[in-house]
Amino acid sequence: MRAPILFPLAVAAALAACAPGPDVGEAPPAGLRPGAVARGEALAQTRCAACHAIGPSGASPMAAAPPFRDLHTRYPVRFLQEALAEGLTTAHPAMPQVELQPDEIRDLIAYLESLEAG
């Protein structure tokens, strides 16, 4: 009875060992960059807080704007990276087009992920 359980675990371990390591030239993930969460929070405060609740509690100033702490319940916040790079637009007419630089995107995603983590 152990063989059916151990075999998938052994295969998973073998595949994980074969996965390529991080490229030395790559920037570390957003959450590992010193100050990323704080910079992301500051960016959210200046660019988003007029409409969205950006903190761990409170209502959004604009009722139709979802609180940032709830975004992860709609979709993984990492999915926002491409949209923010290309210019985030929505069907909601009050939402301005948002386009951020790569470092700003990484910082904002780090902040959103910190809200998700609680």
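How many salt bridges does the rule give? By the rule applied here, in which a side-chain nitrogen of Lys or Arg must lie within 4 Å of a carboxyl oxygen of Asp or Glu, the count comes to three salt bridges. The structure is a predicted model, in which local features need pLDDT of at least 70 and side-chain atom pairs count only at pLDDT 80 or more, whereas totals for chains, interfaces and linings use all residues. Residues are numbered from 1 along each chain as its sequence is written, and side-chain values use heavy atoms, with hydrogens and water left out.

One of these salt bridges is formed by the side chains of D107 and R39, with an N to O distance of 2.9 Å. The pair links distant parts of the chain, since D107 belongs to helix α4 and R39 to helix α2 (residues 36-47), 68 residues apart; helices are DSSP runs of H or I with at least four residues, strands are runs of E with at least two, and both are numbered from the N terminus. Helix α4 itself spans residues 102-117. D107 is buried, with a relative accessible area of 6%, while R39, at 35% relative accessibility, counts as partly exposed. In these terms, buried means under 20% relative accessible area, exposed means over 50%, and partly exposed lies in between, for a 1.4 Å probe and protein chains only. When residues up to four places away in sequence are not counted, D107 touches R33, A36, R39 and G40, contact being defined by heavy atoms within 4.5 Å.

A further salt bridge joins the side chains of E113 and R78 at 3.1 Å, N to O. E113 is partly exposed, with a relative accessible area of 24%, and R78, with a relative accessibility of 35%, is likewise assigned to the partly exposed class. The side chains of D103 and R106 also meet in a salt bridge, with an N to O distance of 2.2 Å. Because D103 and R106 are three residues apart in helix α4, they are separated by about one helical turn. D103 is partly exposed at a relative accessible area of 41%, and R106 is partly exposed at 26%.

The axes of α2 and α4 come within 7 Å and cross at roughly 95°, where axes are lines fitted to C-alpha atoms, for helices over the stretch in contact, and angles between N-to-C directions run from 0 to 180 degrees. The two helices, α2 and α4, are therefore roughly perpendicular to each other, a class that covers 65 to 115 degrees, with angles under 35 degrees counted as roughly parallel, those over 145 as roughly antiparallel and the rest as oblique. The contact is made by A36, V37, R39, G40, E41, L43, A44 and R47 of α2, together with E104, D107, L108, A110, Y111 and S114 of α4. These residues divide into seven nonpolar, two polar and five charged.

Leaving aside neighbours within four places in sequence, L112 is in contact with F68, L71, V77 and L80.

Note on methods. Ala, Val, Leu, Ile, Met, Phe, Trp, Tyr, Cys and Pro count as nonpolar, Asp, Glu, Lys and Arg as charged, and the others, Gly among them, as polar.
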